[in-house]
Amino acid sequence: MSLHSSSSSSSSSLTRSPLFHPDGPTRPAGLLGPTTYLLELTGCRYPWADALYRKMRDFYWKPDDVNLVADHAQFDRLAPIERSAFLNTLGFLIYLDSIQIQNPAWLSQYIAAPEVAACLITQAFFETIHAQSYDHLLSSIVDGPTREATYQLWRQHPLLVARNAELVQPYERFHRDPTLEHFATLCFSDVLLEGVYFWSGFTIFLTLALRNQMTGTAQLIRQIRRDEQQHLAIYDQMIRTLRHEQPALFTEKLVAEWGTLARTAADHEIAWMTAITEGQFPGLPLSHVRRYIAWITNIRVRPFGIPDPFPDATQDPMPWLERMGDMNPGKADFFEQAVVNYQDDLDFGTI
Ligand SMILES: [Fe+2]
Ligand SMILES: [Fe+2]
């Protein structure tokens, strides 16, 4: 099987090493390239991946441990718009977490550094816990037909069908044509999926919790949110590594393409949240919805040298939600810290 070099062109196909590869390097030369697949954490090529893998593993949790008896009683007393937005949001997140069970394992097949592949495989495992959370949640608070209907929203709600078909395009493109550029763009798409779509969806549950409603659900969401922060860190670090190792990849054209991808992702999320909250969801006026999604999108793209897609969205309109969603209020998360280090350590002017 052929092996690409560590400086492959953006359009050449990534290939995998044979499983038995005794001539392979003791340590991989880069994120991509020849490998023996041998996982030896001590002295590994990317210590950040070792640290992240251990951190994710330490966050293991069981959805069933969260008691939802009170949420069951409370759900029926919510306003109709609160119930419908709650279920619509779950319908979208169920789909996203389900495809994220598949995607990291697929990406990992092209990774030369086994410690980075371990992060991706661990991510996929945690996505199964998230999927299990939604099952626990729905089977606890709604009847069977409502649960089943929620599980079908991803392909039956007109907005979701169109949106899901579009958002998987970078994924399908990589699977059809696994080039370096498609690999990098897929990592960036994962940043948007993990860091924009999920954060926007969380606002529904955290806004309810702010008024002491559906607090068991909020506890599930906090645990999921903490995991998603680690997933964001994986893709952030992978893109950062690619920038060091494959600088020619980061052309103005690619950065412009990523900017468009981010703007489109945010516009779709704003349209979706507008449709499901109708400006009637208590605590989530449409102006806040738009500004929050715009702000979080700016935050997500900045580490990659992409101009803010929404220059006017300079502040979080709902900082209390960040605190509501934090498992450890007051501590900066891995991703936020990585962003700071990222900007300190690397020159993004040429991306
Ligand atoms: Fe997830
Ligand atoms: Fe995730």
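Two residues are in contact here if their C-beta atoms, placed from the backbone, lie within 7 Å. The legends below use the word in that sense, and they describe a predicted model.

**Figure 1. L192 and its contacts in the nonpolar core.** L192 is in contact with Y197, L261, A262, A265 and R300, leaving aside its neighbours within four places in sequence. It is also among the residues with the most contacts inside the largest nonpolar core, along with I111, V116, F188, F205 and I293. That core has 97 residues. Helix α9 (residues 180-210) gives the most to it, with 19 residues.

Figure 2. The secondary structure comes to 14 helices and zero strands. The radius of gyration is 20 Å, close to the 20 Å that the globule rule gives for 351 residues, so the chain is as compact as a globular protein of that length. Along the principal axes, its C-alpha atoms fill a box of roughly 65 × 40 × 40 Å. Buried residues make up 47% of the 351. Of the contacts with a separation of 6 or more, 75% are between residues 24 or more positions apart.

**Figure 3. Helix α3 and its kink.** Helix α3 covers residues 80-108, 29 residues in all. At 1.5 Å a residue it should span 42 Å; its end C-alpha atoms are 43 Å apart, which agrees. A kink of about 25° lies at Q100. The proline P104 follows shortly after Q100.

**Figure 4. N212, a loop residue with positive phi.** Most residues other than glycine have a negative phi. N212 is not a glycine, yet its phi is positive, about 65°. N212 sits in the loop between α9 and α10 (215-245). It has 9 C-beta neighbours inside 10 Å; the limit for an exposed residue is 12 or fewer, so N212 counts as exposed.

**Figure 5. E278, in the loop between α11 and α12.** E278 lies between α11 (252-277) and α12 (286-301). Its phi is near 55°, a positive value in a residue other than glycine. With 12 C-beta neighbours inside 10 Å, E278 counts as exposed.

Figure 6. The mean pLDDT of the chain is 91, and 91% of its residues reach 70 or more. Over residues 1-6, pLDDT stays under 50. The model has 19 contacts beyond four places in sequence for residues 1-6. Over residues 330-351, pLDDT also stays under 50. Here the model has 25 contacts beyond four places in sequence.

Conventions. Residues are numbered from 1 along each chain as its sequence is written. Chains are lettered from A and ligands numbered from 1 in the order in which they are written. This is a predicted model: local features need pLDDT of at least 70, side-chain atom pairs count only at pLDDT 80 or more; totals for chains, interfaces and linings use all residues. Helices (H or I, at least four residues) and strands (E, at least two) are DSSP runs, numbered from the N terminus. The expected span of a helix is 1.5 Å times one less than its number of residues. The bend at a residue is the angle between axes fitted to the seven residues ending there and the seven starting there. The radius of gyration is taken over C-alpha atoms; the globule rule is 2.2 Å times the number of residues to the power 0.38. A residue is buried if 20 or more other C-beta atoms lie within 10 Å of its own, exposed if 12 or fewer, and partly exposed in between; C-beta atoms are placed from the backbone. pLDDT is the predictor's confidence in each residue, from 0 to 100. A nonpolar core is a set of buried Ala, Val, Leu, Ile, Met, Phe, Trp, Tyr and Cys residues joined through C-beta atoms within 7 Å.
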